[in-house]
Amino acid sequence: MGQELQAVNHQSRLIEWGQRVEACRKSGQRVSEWCEKHGIAVSTYYSWQRKVIQAVSAENEVCFAEVPIRPARGETAASIQRGEVLVDIHTGADTETIRAIIQALRSC
């Protein structure tokens with residue numbers, strides 16, 4: 001539970017800082033002026049800006065994985081969705097194919 005709470009807290013702070021970075025950029029002020037006006041250290045601003053940019057980049061990262069394709073032998077037995085990726089596993093799919101699909105989803 002502790003790690004989950006930390007992750008939620010970090011995500012919350014990323015959202016908060018994303019809004020601050022956006023506000024600073026839209027203000028038309030230099031970063032130093034905006035930070036002084038809002039009582040934020042410039043180094044703190046740039047640290048969080050970097051974290052926000054990294055988080056956004058990670059969300060938009062494209063993931064490729066080679067999965068052997070075998071003809072479907074039946075109806076859909078299971079559907080797995082991770083983000084925008086949807087995978088249907090058909091009845092009769094062999095173990096090797098299912099393992100490859102799960103491994104590919106873990107790497108995304």
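This is a predicted model: local features need pLDDT of at least 70, side-chain atom pairs count only at pLDDT 80 or more; totals for chains, interfaces and linings use all residues.
Let me begin with tyrosine 45, which, leaving aside residues up to four places away in sequence, touches Trp17, Val21, Cys24, Arg25, Val31, Trp34, Cys35 and Ile40.

As general background, nonpolar side chains in soluble globular proteins tend to be buried together.

For cysteine 24, the nearest cysteine sulfur is that of cysteine 35, and it lies 5.8 Å away; because a disulfide would need the two sulfur atoms within 2.5 Å, cysteine 24 is in no disulfide. Cysteine 24 counts as buried at 1% relative accessibility, and cysteine 35 counts as buried at 0%.

Let me turn to helix 2, whose buried residues are Val31, Trp34 and Cys35. These residues cover an arc of only 95° around the axis, which puts them on the same side of helix 2. Why would such a spacing give one side? An α-helix has 3.6 residues a turn, so residues three or four places apart point the same way. On the other side of helix 2, Glu36 and Lys37 are exposed. After helix 2 comes glycine 39, with a positive phi, near 70°.

Finally, the charged side chains, where the structure holds three salt bridges. In one of them, glutamate 16 pairs with arginine 20, with the closest N and O atoms 2.7 Å apart; these two are four residues apart in helix 1, which means that about one helical turn separates them. Glutamate 16 is partly exposed, at 31% relative accessible area, and arginine 20 is partly exposed, at 29%. Glutamate 22 and lysine 26 meet in a salt bridge at 3.0 Å, N to O, and they too are four residues apart in helix 1, about one helical turn. Here glutamate 22 is partly exposed, at 41%, while lysine 26 is exposed, at 65%. Glutamate 33 forms a salt bridge with arginine 30, with 3.8 Å between the closest N and O atoms.

Notes. Residues are numbered from 1 along each chain as its sequence is written. Side-chain values use heavy atoms; hydrogens and water are left out. Contact means heavy atoms within 4.5 Å. Buried means under 20% relative accessible area, exposed over 50%, partly exposed in between (1.4 Å probe, protein chains only). The arc is that of the directions from the helix axis to the C-beta atoms. A salt bridge is a side-chain nitrogen of Lys or Arg within 4 Å of a carboxyl oxygen of Asp or Glu.
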